[in-house]
Amino acid sequence: MARLDDADIARFVSLVRATDFAARARKSGDAGDESELSVLEDKRRTSFTVVGADPAVDGLLGFLREISLRQFRDVIDAQRSEEHTS
């Protein structure tokens, strides 16, 4: 599991807030990939679905992908080093 430092946490919170999750329609968009998000804040769960591009949601999802790839960074870096030494 990738560890998050204070800067990561602050960025995550900022990106979640940028989605305006509390005031969003339950579903938006009509064509493209579908993203379902659920935010738990102060024991209140807010869920919404976005179909297609949405800059705020796309930014959040990009950050989450970046974080999820961190756990594999050491393995990927080791493989790249082996390729260069072979």
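**Entry: E66**

I started with E66, which sits in helix α2. This is a predicted model, so I kept that in mind while clicking around. Is E66 buried, partly exposed or exposed? E66 comes out as partly exposed, since its relative accessible area is 35% and the band for that class lies between 20% and 50%. I also looked up how far E66 is from I9: they are 57 residues apart along the chain, and their C-alpha atoms are separated by 13 Å.

**Entry: the two helices**

Helix α1 covers residues 6-18 and helix α2 covers residues 55-70. Their axes come within 8 Å and cross at roughly 150°. How do α1 and α2 run relative to each other? An angle over 145 degrees counts as roughly antiparallel, so α1 and α2 are roughly antiparallel to each other. I also wrote down the handedness of the α1 and α2 crossing, which is left-handed.

Next I listed who makes the contact. From α1 I have D8, R11, F12, L15, V16 and A18. From α2 I have A56, G59, L60, F63, L64, E66, I67 and R70. Sorted by class, the contact holds nine nonpolar, one polar and four charged residues.

**Entry: D8**

D8 lies in helix α1. Is D8 buried or exposed? D8 is buried: its relative accessible area is 9%, and under 20% counts as buried. Which residues does D8 touch, not counting those up to four places away in sequence? I found R3, F63, I67 and R70. I then looked at D8 against L69, which is 61 residues away along the chain, and the C-alpha atoms of the two are separated by 14 Å.

**Entry: the nonpolar core**

I went looking for the largest nonpolar core and found twelve residues in it. They are L15, V16, F21, L37, V39, F48, V50, V57, L60, L61, F63 and I67. Which elements give two or more residues to this core? They are α1, β2 (34-41), β3 (44-51) and α2. The most comes from α2, with five residues.

Skipping its neighbours within four places in sequence, L60 is in contact with F12, L15, V16, T19 and L37.

F21 is another of the core residues, but I found it in the loop between α1 and β1 (27-28). F21 is buried, with a relative accessible area of 7%. Leaving out neighbours within four places in sequence, I have F21 in contact with V16, V39, E41, T46 and F48. How far apart are F21 and F48 in sequence and in space? They are 27 residues apart in sequence and 7.5 Å apart in space, C-alpha to C-alpha.

T46 is placed in strand β3. T46 counts as buried, at 11% relative accessibility. With neighbours within four places in sequence set aside, T46 is in contact with F21, A22, L37, S38 and V39.

**Entry: the loop between β2 and β3**

My last stop was the loop between β2 and β3, where I found D42 and also K43. D42 has a positive phi of about 50°, and it is not a glycine. K43 has a positive phi too, near 65°, and is likewise a residue other than glycine.

Definitions and conventions: Residues numbered from 1 in each chain as written. Predicted model: local features only at pLDDT ≥ 70, side-chain atom pairs only at ≥ 80, totals over all residues. Heavy atoms only, no water. Axes fitted to C-alpha atoms, helices over the stretch in contact; angles between N-to-C directions. Helix = DSSP H or I, 4+ residues; strand = E, 2+ residues; numbered from the N terminus. Parallel < 35°, antiparallel > 145°, perpendicular 65-115°, else oblique. Left-handed = near helix turned anticlockwise from the far one by under 90°. Contact = heavy atoms within 4.5 Å. Nonpolar A, V, L, I, M, F, W, Y, C, P; charged D, E, K, R; others polar. Core = buried A, V, L, I, M, F, W, Y, C linked by side-chain atoms within 4.5 Å. Buried < 20%, exposed > 50% of the residue type's maximum accessible area, 1.4 Å probe, protein only.
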